[in-house]
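Work through the exercises below with the model open. Each task is followed by its solution.

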Amino acid sequence: MTPSPWWERAVGYEVYLRSFSDSDGDGIGDLPGVLERLDHLDELGVELIWLTPFYPSPQADHGYDVADYRGVDPTFGSLEDVDRLVDELHARGMRLIVDLVPNHTSDRHAWFRSALNGPDDPYRDYYVWADPGPDGGPPNNWVSHFGGPAWTLDEASGQYYLHLFLPEQPDLNWANPAVRSEFDDILRFWFERGVDGLRIDVAHSLVIDPRLRDNPAPGDRPTDPRELFAAFEHRHDLDQPGVVDIYRRWRKIADEHDALLLGEVYLVDPGRVARYVDDGALQLAFCFSVLKAGWDAAEIRQTLARAVTAVGDRAAWPLSSHDEARAASRFGGGPAGTRRALAYLTLLCALPGVPFLLQGDELGLADGRIDRDEATDPIAVRNRGATGRDGSRTPVPWAPGPALGFTDGTPWLPVGRNRTPADTVAVQRDTADSPLSRVSRLLAVRRDLAPWTIDEPPEWIGGGRLVAFRRGRLTAACNVGSEPAALSVPAGARVVYASAGEATVADGLVRVPGEATVLVVDDAAGRS
Ligand code: NOJ
């Protein structure tokens, strides 16, 4: 029998490094800052830490523009700090996955600097170059995620280079075998250093149509860059044939080290995501459709059911992400938003697969509020009127006081005007009914319940305002309405967790408080 993989039982936690904890007063989170806060992660009960990019980088896209895949930017610390982090996490039974950005490099990467020497440079073909289109403009109609065309003219050679993100993030040419073998070595470098796996940035990108054909264009062109990007049909630039083969190749390297490959497969259709977690490809893929459901029972039920059916226990379920609004904001903000986010997290924790928190989700945080002129995300800074991603990236509030304990200096991004002492780790740790106390308890309950050992997929029950499913001896029921609701459960079943208020079983019914999820266990079912 194959032993079960180590990540199966984990709850994941995204450390958005710039905003986690600053140890040296420069206002930017760093690796020693993470090391100082490991007790918090340990007490919370998360086991799988995803660390966002720490590589040398001009930070045009906050680190997702990598200038050297084997180094650490001095702003964040040193390679020795990464080694220490691996050791300290392992000593506590936790694991570390690092962010790998294979779709593009920084324009300051040595490969791109060399490629700019011209068509005969040995590194030219590491990137995607094309002559101007018939009208003298960009070679095709592809747009960048972050606004404007996906092509920038290199005046020296008269050719355009491709960048699906910023012009400072030139796309690598994955049709070039040399690029493939460079990345084989980069993977080995990190696995040999002891990191436990990789979160693969825009894993559905990389391969493009060799003929660079136009994408079918939308009738209306929204002005917001991300909306415009979404309005195109990405027939030729995303999710192309052959991309999964890259992961099959990587998987062989990962398996030599028992390492995890977790893809950021940002496709709306879970059926498309499923192809990436085929046998022999990635072990896990984020299923981002769950970030799209509003606080509506039918929507949540349908979204979760479709995602679980397609991706099952190969899914990683993000409650929030540094690219989208936090769950508490998506669900309306304020106390209701927080309560709903905790209810949603409870559902995700009962599904097959690996739930993921973004730092601060354990505090029930909504997005931090900053002024427009404080925005730093290139989406907001470079596109008039566009909503950026700064709100979910504001620093973690650790304790009451200046900068809420995140830094002794001035935070690179304000902590958020809406933050209060009650949002901080220090206060919530000492408050019985705080989001932090609830979430820590939820994760402890999840460890006891071991839902990853349950073979059955969810059987959807309930209806109306109750989103509920049964898996073996476990029942999860989320009441999307504001009034309490009842669901019948087997005699002898007991409530093991409620995300808010109190839940009880009486006369074969569990009473679910409004805007809460309860977990109920039927011990008798376990014995049959
Ligand atoms: C996805 C990352 O999560 C996001 O923050 C980044 O801007 C893009 N990929 C480009 O690397």
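**Exercise 1.** Find how far a polar side-chain atom of His-322 lies from an oxygen atom of the ligand.

Solution. The distance for His-322 is 2.9 Å. This is a polar contact (a pair of N or O atoms within 3.5 Å). Next, take Asp-61: a side-chain N or O atom there is 2.5 Å from a ligand oxygen. Then take His-104, where the corresponding distance is 3.0 Å. The protein covers 97% of the 300 Å² of accessible area that the ligand has on its own (Shrake-Rupley method, 1.4 Å probe).

The model is predicted: local features need pLDDT of at least 70, side-chain atom pairs count only at pLDDT 80 or more, and totals for chains, interfaces and linings use all residues. Residues are numbered from 1 along each chain as its sequence is written, and side-chain values use heavy atoms, with hydrogens and water left out.

**Exercise 2.** Sort the shell around the ligand by residue class.

Solution. List residues with a heavy atom within 4 Å of the ligand. Among them are Tyr-64, Phe-146, Arg-199, Glu-264 and Arg-393. Now sort the shell: three residues are nonpolar, two polar and seven charged. Asp, Glu, Lys and Arg count as charged.

**Exercise 3.** Compare the radius of gyration of the chain with that of a compact globule.

Solution. Start with the 528 residues. The globule rule is 2.2 Å times the number of residues to the power 0.38, over C-alpha atoms. A compact globule would then have a radius near 24 Å; the chain has 23 Å, which agrees. Finally, the C-alpha trace spans about 80 × 50 × 50 Å along its principal axes.

Technical notes. A residue is near a molecule or strand if one of its heavy atoms lies within 4 Å of it. A polar contact is a pair of N or O atoms within 3.5 Å; within protein, one must be able to donate a hydrogen and the other to accept it, and residues adjacent in sequence count only if both atoms are side-chain atoms.
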